[in-house]
Amino acid sequence: MATQDGSAEVIMESDTRPNDGEPLAGNSENASQTDSGSATTQDCSISNGDDADEQQEMVDLKIIWNKNKYDLKIGIDNTGAKLKEKIHSLTGLPPTMQKVMYKGLLPEDKTLREIKVTNGAKIMVVGSTINDVLAVNTPKEVIQQEVKAEENKKEPLCRQKQHRKVLDKGKPEDIMPAIKGTKERLPTVPLSGMFNKSGGKVRLTFKLEQDQLWIGTKERTEKVPMGSIKNVVSEPIEGHEDYHMMAFQLGPTEASQYWVYWVPAQFVDAIKDTVLGKWQYF
């Protein structure tokens with residue numbers, strides 16, 4: 001109740017006055033709307049990084065690398081550098097390892113529009129991955145060791161059945177003398193007294209002026225151009241290491257090898273060098 005001096009009114013006014021830190025009841029709805037509107041504005045400004053592509057003109061490209069084809073959609077106002085990044089994501093090929101071709105080498109600093117890339121264009125990519133490069137650059141010593149290890153697993157040629165039947169006939173009586181552990185030039189006379197795969201006698205004549213190897217038997221003489229001989233292989237004969245068995249590969253595969261047995265060891269290197277084109281260094 002109000003007193004005569006109005007003290008009750010003063011108390012009521014002080015109780016209903018809002019605190020400074022509290023929003024007015026009438027303004028709470030407006031404040032809520034303001035906050036909500038502010039949050040909405042912030043959400044619209046957030047980008048996932050692809051909006052630039054989505055908002056510009058796009059082109060569909062065919063990326064061709066390492067005999068594989070990839071489909072790529074990219075904004076036409078992207079640069080060549082950006083295209084390389086996209087190619088990296090498709091192929092795993094780092095941009096620094098890429099050579100991108102479109103009507104010549106594609107520049108990194110120009111846009112696809114500037115270099116007139118059209119929709120459906122084919123983009124050629126040349127390059128090797130890091131793993132490919134490391135495989136190519138494997139040290140020669142490692143490769144040689146692997147080849148040697150593989151060869152050691154194989155049965156010696158002189159133990160194989162196809163050669164054994166010739167070697168079991170024993171060393172020919174009229175064979176030329178052999179010297180183990182030395183290297184000599186080819187003699188001026190034919191190498192004779194050796195066996196071929198059928199067990200018949202064979203002689204080898206090296207016609208350097210005609211660049212031919214004459215393989216002579218009792219029946220005929222084959223005049224073989226040295227340039228047509230693909231390879232020459234040899235191996236010491238077990239128990240008679242001063243003599244070798246040797247094959248001349250006359251065609252593209254090992255099936256074309258012409259075998260000669262009981263070749264004197266001192267002439268083996270000279271024969272290989274002569275047939276494979278190194279005779280002029282003597």
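1. Val 100 stands opposite Val 125 in strand 4. That pairing belongs to strand 3 and strand 4 (residues 122–126), which run antiparallel and are joined by three bridges. Strands here are DSSP E runs of at least two residues, helices are H or I runs of at least four, and both are numbered from the N terminus; two strands pair if DSSP finds at least two bridges between them. A word on provenance: this is a predicted model, where local features need pLDDT of at least 70 and side-chain atom pairs count only at pLDDT 80 or more, while totals for chains, interfaces and linings use all residues. Residues are numbered from 1 along each chain as its sequence is written, and side-chain values use heavy atoms, with hydrogens and water left out.

2. The sheet around that pair is open, has four strands in the order 2-1-4-3, and shows mixed pairing. Strand 2 (68–75) and strand 3 (99–101) are its edge strands, each pairing on one side only. On average, neighbouring strands are turned by 30° against each other, direction ignored. Helix 4 (residues 80–91) packs on this sheet and touches strand 1 (58–65), strand 2, strand 3 and strand 4; contact means heavy atoms within 4.5 Å. The direction of helix 4 makes about 140° with that of strand 2 (axes are lines fitted to C-alpha atoms, for helices over the stretch in contact, and angles run from 0 to 180 degrees between N-to-C directions).

3. Now the other sheet: seven strands, open, antiparallel, in the order 8-7-6-5-11-10-9. Strand 8 (221–225) and strand 9 stand at the edges with a single partner strand each, so one side of each has no neighbour in the sheet. From one strand to the next, the twist averages 30°.

4. Have a look at strand 7. Five of its five residues are buried, so the rest of the structure largely encloses it; buried means under 20% relative accessible area, exposed over 50%, and partly exposed in between (1.4 Å probe, protein chains only). Both faces are covered, with Gln 212, Trp 214 and Gly 216 buried on one side and Leu 213 and Ile 215 on the other. Lys 223 lies over the face of Trp 214, at 4.3 Å from the ring centre, and Lys 169 lies over the face of Phe 195 at 4.7 Å. The rule for a charge over a ring is NZ of Lys or CZ of Arg within 6 Å of the ring centre and within 35 degrees of the ring normal.

5. Strand 7 has a hairpin on either hand. With strand 6 it pairs in the antiparallel sense over five bridges, and Lys 207 stands opposite Gln 212. That hairpin has four residues between the strands, and Asp 211 takes a positive phi near 55°. Strand 7 and strand 8 are also joined by five bridges, again antiparallel, with Glu 222 as the bridge partner of Ile 215. Four residues lie between the strands of this hairpin too.

6. At the other end, seven bridges join strand 9 to strand 10 in an antiparallel run, and Pro 236 stands opposite His 244. The two form a hairpin with two residues between them, where Gly 239 in the turn has a positive phi of about 85°. Strand 10 and strand 11 likewise pair antiparallel over seven bridges, with Pro 264 as the bridge partner of Tyr 243.

7. There are two aromatic pairs, counting rings of Phe, Tyr and Trp (its six-membered ring) with centres within 6.5 Å; planes under 30 degrees apart are stacked, over 60 edge-to-face and the rest tilted. Tyr 243 and Trp 262 have ring centres 5.8 Å apart and planes at 70°, so they are edge-to-face. Trp 259 and Tyr 261 are stacked, at 6.3 Å centre to centre with 25° between the planes. Tyr 243 and Trp 262 are buried; Trp 259, at 6% relative accessible area, is buried, as is Tyr 261 at 0%.

8. Last, the cores. The largest nonpolar core has 32 residues, and Leu 204, Phe 248 and Ile 271 have the most contacts inside it. Such a core is a set of buried Ala, Val, Leu, Ile, Met, Phe, Trp, Tyr and Cys residues joined through side-chain atoms within 4.5 Å. Elements that give two or more residues to it include helix 7 (161–167), strand 10 (240–249) and helix 8 (268–275). A second, separate core of 19 residues includes Leu 61, Ile 76, Leu 93 and Ile 123.
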